[in-house]
Amino acid sequence: MNTPFINSILSYFRGDGVVLLPEMELTLFGLAILILGSSVEESAEENWFWRILFKDFYSKAAFAGTVFSAFTLWKLRATVAGRGEFAGFHESVVVDPFFLFFAMLFLAATALVILLSVKYLEIEREQEGEYYALLLFACVGMMLMASGVDLIVLFLGLETMALSFYVLTGFLRREKRSNEAALKYVLLGAFSSGILAYGFSILYGLSRATNIFAIAARLGDREELAHIVALSRLSGAPGEQARELLTRQLPIALHFDPFVLQLLPILAFVLVAVGLFFKVAAVPFHQWAPDVYEGAPTPVTTYVSVASKTASFALLLRLFTTAFAPSHQMWIYLIAGVAVASLTWGNLAALTQTNVKRLLAYSSISHVGYILLGLLAWNESTGKLTKTASTGIAFYLFSYVFMTAGAFAVIIVLRQKGLIGDELDDLNGLYQRSPAAAVLLLIFMLSLAGIPPTAGFMGKYFIFLSLIETHHPVLAVFAVLYIVPALYYYFRIVVHAWLKQPGEAPVPSMTSAQAVALGVAVFVTLAAGLYPEPFTKLAQYAFGQ
């Protein structure tokens, strides 16, 4: 045994390696599925003992990967509680409460999708190991998006997630609409990634750094310089003092134009914001969402809707609350416009949909609007988001993962041989065919609409409260009013499930894995609404409060 080699590995994991240990575990399980999966499946077919032991090996291995990674995150939580946040790889990856909160959300979403995928893939005759490996690789990318504090790491994480989703969206190779959705996703996703990369390159050119905290400091200095240069153009004592200061410290700045000094930072922000708005499907960069949601396999639609959106928001929050925080007074108006547009178009477009997956796609756009409204509530004395706003954003994303996953899970349960189950008419008489599924669907629709006592209500409550505390009453009123159309289209689903007569659709059958996923989703949805205190503390923990 080579002791120095083992010692070097142990030393690595005591140092930089520990910050990427959860991601490495997921990667190893994904590689094991790709390398060992086919041979294990063949052995299971030939031997009854192996068949019992390794039945559904792919899904079991993927689920085990999420469990191992979650256990490591729990151990890291104790380390962070003991000695605070820590970084590695030249301060490019950090383990802090923000990362731990979002990483647990990603793992929870991945585990739910794995449980929901087994029977669905059997019906589609696509039970392949690559599917589960791609789920784990996508989760690795998301975790890098939450832990990265370096532009290169953030972009690598984003593309790892995006490339996995491109393949997963077109996984049903015999389905034309799945292939079309994947193609549209690839084209628009590549376009948005290019815009984001261009914004990152401008940030690097301005700051000569890729660390977002160093970028924030350089952008803050540049904004302060622009302010002093603008003062130097004024007459009177303030202008004279500014000119004397520039003459002593930076004479060449006397010839600068303050507008030009701010032009490149503004351009960088706009490009980064546009790239991220594509990823979260905010209006007017939402065109890909309805087609991808409808065409992708429903478990993949679930994953794109909850995990991809949450990861993109984690990246957006990391950048907007650090690199762009000094200039938040300039860009909150852009965020407000995009938020109101997302609320308007998402709610109005959902009113006329007859496909449940497209309806939920447009409703997810409106949820993006609510979350973006939380970014408008800043504490000017500290230069940070208010405690209520940060709590509201984290709580909303947390509740969104479980209530949306639950809604899609009911659609997955309806999938039978010869019945896709994602049209409104497919829900007709669901209460008579499966009362349990109908009750679960009702709970998830109430939560998505923001009706108490559900998690969705509490998420909206915190967002509304943050807007009122920071003197945005008009936006708060708009946000409240948009609940009305949401109630209409969510209750269209409920009416079909509860009041319509059943047609010839068969009685849906629910596997034990699907029952577990639905049970977890409905428990969190109700518990976070009935007793929100522990979930509120969890949301506050994400922002170190």
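Arg-177 is partly exposed, with a relative accessibility of 29%. In this predicted model, the side chain of Arg-177 meets that of Glu-294 in a salt bridge, with N and O 3.8 Å apart. Because Glu-294 belongs to helix H12 (residues 288–295) and Arg-177 to helix H8 (residues 176–207), this pair ties together parts that are 117 residues apart in sequence. The briefing below covers the salt bridges, the pocket and cavities, the helices and the backbone.

**Salt bridges**

- Six salt bridges are found in a search of the whole structure.
- Glu-294 also meets Arg-358 through their side chains, in a salt bridge with an N to O distance of 3.0 Å. Distant parts of the chain are linked by this pair, since Glu-294 is in helix H12 and Arg-358 is in helix H15 (residues 356–373), 64 residues away.
- Arg-358 has a relative accessible area of 17%, and is therefore buried, the limit being under 20%.
- A further salt bridge joins Glu-533 and Lys-537, whose closest N and O atoms are 3.5 Å apart.
- An α-helix has 3.6 residues a turn, so residues three or four places apart point the same way.
- Glu-533 is partly exposed at 43% relative accessible area, whereas Lys-537 is exposed at 52%.
- Through salt bridges with shared partners, Arg-177, Lys-184, Asp-291, Glu-294 and Arg-358 are joined into one network.

**The largest pocket**

- The volume of the largest pocket is about 700 Å³.
- This pocket is lined by 29 residues, of which Arg-318, Thr-321, Thr-322, Lys-384 and Phe-543 are the closest to its centre.
- Two or more lining residues come from each of these elements: strand E1 (86–88), helix H5 (97–124), helix H13 (298–320), strand E4 (384–385), helix H16 (387–414) and H23.
- By type, the lining of the largest pocket has 13 nonpolar, ten polar and six charged residues.

**Cavities**

- The count of cavities of 30 Å³ or more is three.
- The largest cavity holds about 90 Å³ of space.
- Its lining includes Met-161, Ala-162, Tyr-166, Tyr-185, Leu-188, Gly-189 and Ser-192, together with Phe-278, Lys-279, Trp-288 and Ser-308.
- At least two lining residues of the largest cavity are supplied by each of helix H7 (151–169), H8 and H11. The greatest share comes from H8, which gives four residues.
- Seven of the lining residues of the largest cavity are nonpolar, three are polar and one is charged.

- Gly-205 is placed in helix H8, and its relative accessibility of 54% makes it exposed.
- Gly-205 and Leu-264 are 59 residues apart in sequence, while their C-alpha atoms are 9.6 Å apart in space.
- Arg-208 lies in the loop between H8 and helix H9 (212–232). Although Arg-208 is not a glycine, it has a positive phi of about 55°.
- Arg-208 is exposed, with a relative accessible area of 71%.

- Just after H11 comes Ala-281, with a positive phi of about 65°. Ala-281 has this positive phi although it is not a glycine.
- Ala-281 belongs to the loop between H11 and H12 and is buried, at 1% relative accessible area.
- Pro-284 is found in the loop between H11 and H12. The peptide bond that joins Val-283 and Pro-284 is cis, with omega about 5°.

- Ser-447 is located in helix H18 (residues 435–449) and is buried, with a relative accessible area of 0%.
- Apart from neighbours within four places in sequence, Ser-447 is in contact with Met-403, Thr-454, Ala-455, Gly-456, Phe-457 and Thr-525.
- Pro-453 sits in the loop between H18 and helix H19 (455–469). A cis peptide bond, with omega near 0°, runs from Pro-452 to Pro-453.

Technical notes:
Residues numbered from 1 in each chain as written. Predicted model: local features only at pLDDT ≥ 70, side-chain atom pairs only at ≥ 80, totals over all residues. Heavy atoms only, no water. Salt bridge = Lys/Arg side-chain N within 4 Å of Asp/Glu carboxyl O. Buried < 20%, exposed > 50% of the residue type's maximum accessible area, 1.4 Å probe, protein only. Contact = heavy atoms within 4.5 Å. 1 Å grid on protein atoms, 1.4 Å probe; cavity = no way out; pocket = protein on both sides within 12 Å on 5 of 7 lines; lining within 4 Å. Points joined across faces, edges and corners; volume = space filled by probe spheres on them. Nonpolar A, V, L, I, M, F, W, Y, C, P; charged D, E, K, R; others polar.
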